[in-house]
Amino acid sequence: MEFANIGYLLLLLLLIPYILWYFFRGKGKEPTMRMSDTFAYQHAPKSWKVRLIHLPMVLRCIVYTLVVIILARPQTYNTWDDKDTEGIDIMLAMDVSASMLTEDVFPNRLEVAKEVASEFINSRPNDNIGLTIFAGEAFTQCPMTLDHTALLNLLHGVRTDLVTSGLMQDGTAIGMGLANSVSRLKDSKAKSKIVILLTDGSNNVGSISPMTAASIAKKFGIRVYTIGLGRETGEDIGAIDYKTLQDIAVSTHGEFYRAQSQAELSKIYQDIDKLEKTKMKVKAYDHLHEAYMPFAWLALIFFCFELLLRWTVFRRLP
């Protein structure tokens with residue numbers, strides 16, 4: 001256990017002058033009765049009430065100590081526990097450009113991609129998984145983690161209007177999205193490292209070309225699985241650069257997939273689910289928990305007990 005406001009514990013030093021005052025100065029204010037001779041009482045047995053005369057003071061000190069501990073905010077330790085688990089390291093690289101709002105799959109391409117990716121994450125509890133999103137630029141939405149609850153929250157938080165609202169530059173920077181994912185995987189010790197790159201277009205912006213990013217991925221032993229999402233109808237015909245996506249997959253010993261529906265996309269993720277697994281040593285993080293409630297309850301109990309004693313057993317007449 002540790003304390004968030006450990007300086008408050010210095011208030012416990014105030015107990016020392018209080019105890020000294022109680023025994024050396026407080027007695028002078030107690031009611032007394034003069035007697036001519038106390039010889040007859042020298043060998044009189046002490047009653048339990050006399051023996052417990054200082055109990056209210058002890059309870060008061062305990063209550064004060066507990067209140068100080070509460071002010072210091074006791075918390076459970078932050079701990080990192082090493083454990084072995086089976087899994088692979090995966091980065092999801094997801095296109096969030098304006099064209100991903102196309103409604104050829106219901107409700108739109110981006111929402112379908114998020115839903116299927118969520119199912120995939122839930123099906124692989126032992127994998128380190130992260131998320132990169134890209135449009136005209138790319139950034140890491142979530143680094144690789146075993147905390148899939150946090151990952152899913154960040155995935156669901158990917159808004160469908162990132163580009164249309166001006167929060168991201170529009171375009172399709174496939175090379176930048178892949179390079180960002182590779183940068184997260186390159187130092188991994190896992191035998192299986194993969195990128196699942198999903199897009200509905202062709203590279204038209206960015207300072208890194210898709211094949212340059214693919215060559216970097218190959219250098220670090222990262223397989224890239226590319227997915228082209230969207231129906232080949234109307235103005236979308238030819239929008240996906242199949243050749244580049246295939247070349248990326250082939251050069252990194254991955255696979256290229258074509259998905260025109262949510263069912264097809266789910267099947268693709270199921271195929272990827274058959275990848276080789278490897279033993280990994282990971283760190284599990286225990287979050288902080290406030291631990292003041294037991295002290296608060298004890299303080300309340302002791303305080304009520306002291307009041308009860310002072311109003312009953314140790315009640316004094318004026």
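Reader: Quick one to start: is H253 buried or exposed?

Author: H253 counts as exposed, because its relative accessibility is 60% and the cut-off for exposed is over 50%. Bear in mind that this is a predicted model.

Reader: Where does H253 sit, and what's its phi?

Author: H253 lies in the loop between α8 (242-251) and β9. Its phi is positive, about 65°, although H253 is not a glycine. Most residues other than glycine have a negative phi.

Reader: Which residue just after α3 has a positive phi?

Author: That's R73, with a phi of about 55°. R73 belongs to the loop between α3 and β2, and it is partly exposed, with a relative accessible area of 33%.

Reader: And α3 itself, how far apart are its end C-alpha atoms?

Author: They are 25 Å apart. Helix α3 covers residues 55-71, so at 1.5 Å a residue its 17 residues should span 24 Å, which agrees.

Reader: Which residues of α3 are buried, and what do they pack against?

Author: The buried ones are P56, M57, L59, C61, V63, L66, V68 and I69. The buried residues of α3 pack against β1 (2-3), α1, β2 (74-75) and α10 (293-311).

Reader: Switching to peptide bonds: where's the cis one between F and P?

Author: It joins F106 and P107, with omega at about -5°. P107 is in the loop between β4 and α4.

Reader: OK, charges now. How many salt bridges are there?

Author: The structure holds 11. One of them pairs D200 with R109, whose closest N and O atoms are 2.8 Å apart. That pair links distant parts of the chain: D200 is in the loop between β7 and α7 (210-219), while R109 is in helix α4, 91 residues apart.

Reader: Are D200 and R109 buried or exposed?

Author: Both D200 and R109 are buried. They are also linked with D104 in a network of salt bridges.

Reader: What about R124, which residue does it pair with?

Author: R124 forms a salt bridge with D127, and the closest N and O atoms are 2.1 Å apart. R124 counts as buried because its relative accessibility is 3%, and D127 is buried too, at 1%.

Reader: And the D161 bridge, which partner does it have?

Author: D161 pairs with R159, the closest N and O atoms being 2.9 Å apart. D161 is partly exposed at 26%, and R159 is partly exposed at 40%.

Reader: Let's go inside. Which residues touch the most other members of the largest nonpolar core?

Author: L92, L131, I196, I227, L265 and Y269 do, in a core of 38 residues. Among the elements giving two or more residues to this core are β4 (89-95), β5 (128-134) and α9 (262-272). The largest share, 7 residues, comes from α4.

Reader: What does L92 contact, leaving aside neighbours within four places in sequence?

Author: Its contacts are A117, F120, I121, I129, G130, L131, T132, I196 and Y269. There's also a second, separate core of 20 residues, including M91, A93, F134 and A213.

Conventions. Residues numbered from 1 in each chain as written. Predicted model: local features only at pLDDT ≥ 70, side-chain atom pairs only at ≥ 80, totals over all residues. Heavy atoms only, no water. Core = buried A, V, L, I, M, F, W, Y, C linked by side-chain atoms within 4.5 Å. Buried < 20%, exposed > 50% of the residue type's maximum accessible area, 1.4 Å probe, protein only. Helix = DSSP H or I, 4+ residues; strand = E, 2+ residues; numbered from the N terminus. Contact = heavy atoms within 4.5 Å. Salt bridge = Lys/Arg side-chain N within 4 Å of Asp/Glu carboxyl O. Expected span 1.5 Å × (residues − 1).
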